[in-house]
Amino acid sequence: MNHKKIVIVGGVAGGATAAARLRRIDEKSTIVMFEKGEYISFANCGLPYYIGETITDREKLLVQTVEGMSKKFNLDIRNLSEVVRIDRENKTVIVNDLQSGTTYEETYDELILSPGARPIVPPIPGLNEAKSTFTLRNIPDTDKIKAYVDHEKPQRAVIVGGGFIGLEMAENLYDRGIDVTIIEMADQVMAPLDYEMVASIHAHLEEKGVQLILRDGVNSFADEGSKVITQNGKEIETDMIILSIGVRPENELAVNAGLDVGERGGIQVNEYLQTSDPHIYAIGDVVEVKDYVNNQPTMIPLAWPANRQGRIVADNIYGKQVTYKGTLGTSIAKVLDYTVATTGNNEKTLKRLGIPYEVVHLHPGSHAGYYPGAAPIALKLIFDKETGDIYGAQAVGTTGIDKRIDVIATATKAGLTVMDLADLELAYAPPYSSAKDPVNTAGYAATNIVDGVIETVQWHEIDEVVTSGGTLVDVRNPIELEMGYIEGAINIPLDDLRDRLAELPQGETIYVNCQVGLRGYLASRILQENGFEVKNLDGGWKTYSAAFYKNQQDCNIKTDDSGVAKVERKEMIDQKADVKIDASGLQCPGPIMSVVKAVKEMETGQILEVSATDANFVRDLPAWCEKNGHVLLEQQTNHKTIKAYIKKQ
């Protein structure tokens with residue numbers, strides 16, 4: 001074996017993985033790793049949870065130490081050393097020793113660039129004067145934020161940016177008892193998800209007392225950062241500010257060395273992760289990668305790609321010729337009681353690229369409904385109607401989210417189609433799933449579209465259909481309409497449909513909807529068999545109502561006399577119940593039906609306590625109580641379980 005001298009710029013996921021793999025391949029090579037910070041390998045995805053004190057031991061964040069990794073892998077690791085220039089002609093790097101202030105040269109045979117990315121900090125007026133403004137990217141950032149929270153005891157925080165890190169910080173500051181406001185320029189948080197999928201997260205944040213300001217950005221900071229002024233003129237008092245707007249690649253070394261970079265600044269690499277210089281490789285958050293689904297260049301700063309790329313580069317330096325096939329973008333985040341996950345492309349991306357697609361929305365249970373603890377999952381599958389190829393998937397819920405997205409991500413990488421999803425044999429027992437797993441169900445629903453068995457209409461299309469004179473039949477039971485319905489729909493319950501076909505117009509498309517889409521599908525088949533042209537509202541009322549949820553800024557932002565926005569965290573009180581029922585595991589309208597039955601048997605003035613796990617129950621119950629004249633005394637949400645108290649009038 002031809003022993004080499006390999007220089008690595010940057011540690012953490014990509015650089016540290018490459019170094020360890022290189023040593024396993026060649027015991028005699030010289031491996032030098034430069035890291036301008038103090039820490040070479042840390043769990044950056046765990047940083048928010050250390051601030052929130054879910055993780056209490058700081059040392060657990062340090063995946064590898066300089067001393068430990070140097071000894072284990074026989075590496076020359078130099079932290080607090082910044083590589084400031086690459087001399088490609090002489091194959092050297094210029095290094096600034098940050099401790100001594102001296103500068104020196106180091107030669108290389110092969111060079112790996114893994115400098116990562118840094119937070120975007122726009123030139124906001126008042127930023128330089130703001131005293132308690134933070135970004136979060138590394139251990140020193142974490143230490144600063146945690147020390148401030150521990151010692152200064154802030155009561156209010158503003159987070160600028162609603163991405164994954166912003167929401168994780170919102171959760172962890174909330175867990176520390178801090179009132180949180182999130183400001184996001186777009187009309188939604190979590191850009192990788194489509195709007196209707198993330199709308200339930202908007203509602204959940206506000207139900208927890210987190211103020212969410214959408215379609216608005218930061219105009220300036222005032223009073224040394226104690227006041228945030230938005231572009232729409234809102235003023236928010238705060239004790240601390242977290243800037244979580246996004247990241248940009250640390251590409252200065254590459255640019256100054258004349259290496260090719262893309263439009264967004266990512267270092268361009270070939271399938272072997274080589275830059276435009278064959279002796280220089282680049283990995284991690286700094287590189288421009290190929291989108292696995294659409295084959296277009298993109299930047300996806302996630303941990304799995306960085307680790308995988310580090311291993312591939314090490315293999316290729318020693319002639320293995322392993323290709324990086326692209327990034328699928330599979331990701332997951334915890335947002336208070338919810339889990340949000342996604343893989344592949346969303347609708348926004350496919351529309352931008354002009355790629356035709358179809359969508360199915362489902363709302364299955366996380367496991368068998370008769371086993372305690374089942375909770376609904378909102379699952380979205382995006383695919384090619386002609387071939388059945390999987391383009392992407394998104395899921396939101398309180399449990400069972402990760403394994404569904406992981407299965408679909410695996411199927412996508414394996415080249416399976418939506419038809420194959422129906423054929424997957426997945427583990428089943430009542431505490432874990434249903435005999436027909438949600439992934440199977442998504443496959444069946446999508447296959448029906450591919451095979452032409454059913455046609456659908458989407459949540460954002462149905463209002464215009466009805467306004468234009470189309471006939472929409474709501475096949476739910478009348479009591480379900482008390483929680484909301486689409487204006488202009490006519491109600492014919494599914495069980496009555498066969499007897500009332502004469503009420504429907506001939507010669508035009510009939511649109512049907514139900515709660516989640518299943519009864520709508522059954523109604524569609526009945527109508528099709530009786531000669532009607534039919535389209536089913538995909539995802540039913542549940543998807544439609546979630547998408548048209550209005551966040552508090554559209555309704556009533558809490559302000560004081562001076563117009564300054566305030567956050568008020570809801571304080572829960574204990575109620576004494578005369579009757580208690582448990583509707584956990586039931587999907588809508590199950591919890592409401594349980595309430596109806598119980599209230600009928602109660603005396604006027606008695607209090608009912610009901611527990612449920614269907615997230616829509618939080619919004620359905622107030623509407624039902626108002627419609628029927630009962631008093632909703634209180635609603636609590638505590639770690640996936642909703643508890644409500646109703647006084648019978």
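**Strands, helices and a pocket, term by term**

Q: Which strands form the hairpin with Asp 223 in the turn?
A: β15 and β16 do, with four residues between them. Asp 223 has a positive phi of about 55 degrees.

Q: What kind of model is this?
A: The model is predicted; local features need pLDDT of at least 70, side-chain atom pairs count only at pLDDT 80 or more, and totals for chains, interfaces and linings use all residues. Residues are numbered from 1 along each chain as its sequence is written, and side-chain values use heavy atoms, without hydrogens or water.

Q: Why are β15 and β16 said to pair?
A: Pairing takes at least two bridges found by DSSP. β15 (residues 218-222) and β16 (residues 227-230) share four, in the antiparallel sense. Therefore they count as a pair. Ser 220 stands opposite Ile 229.

Q: How do you know that β16 also pairs with β17?
A: Three bridges join β16 to β17 (residues 235-237), again antiparallel. Ile 229 stands opposite Glu 235. In this hairpin, with four residues between the strands, Gly 233 takes a positive phi near 90 degrees.

Q: Why are β29 and β31 called edge strands?
A: Their sheet is open, with five strands in the order β29-β33-β32-β30-β31 and parallel pairing. β29 (456-457) and β31 (490-491) each have a single partner strand, so one side of each lacks a neighbour in the sheet. A strand here is a DSSP run of E with at least two residues, and a helix is a run of H or I with at least four, numbered from the N terminus.

Q: What joins β29 to β33?
A: Two bridges join β29 to β33 (residues 533-537) in the parallel sense. Thr 456 has Asn 536 as its bridge partner.

Q: What is the angle between α14 and β33?
A: Helix α14 (residues 518-529) lies across β32 (509-513) and β33, at about 180 degrees to β33. Angles run from 0 to 180 degrees between N-to-C directions of axes, which are lines fitted to C-alpha atoms, for helices over the stretch in contact.

Q: How is the packing of α1 and α8 described?
A: α1 (residues 12-25) and α8 (residues 303-317) pack at about 35 degrees, with axes 7 Å apart. The contact (heavy atoms within 4.5 Å) includes Ala 13, Gly 14 and Thr 17 of α1, and Ala 306, Asn 307 and Gly 310 of α8. Its residues are seven nonpolar, four polar and four charged.

Q: What makes up the lining of the second largest pocket?
A: The lining has 34 residues (an atom within 4 Å of a point). Leu 362, Thr 441, Val 516, Gly 517 and Leu 518 lie nearest the pocket's centre. α12 (438-450) gives the most, with six residues. β26 (358-362) and α14 each supply at least two.

Q: Which classes does the lining of the second largest pocket hold?
A: There are 15 nonpolar, 15 polar and four charged residues. Asp, Glu, Lys and Arg count as charged; Ala, Val, Leu, Ile, Met, Phe, Trp, Tyr, Cys and Pro as nonpolar; the others, Gly among them, as polar.

Q: How much space lies in the second largest pocket?
A: About 840 Å³. A pocket is an open set of points on a 1 Å grid over the protein atoms alone, where a 1.4 Å probe fits, with protein on both sides within 12 Å along at least five of seven lines. Points are joined across faces, edges and corners, and the volume is the space filled by probe spheres set on them.
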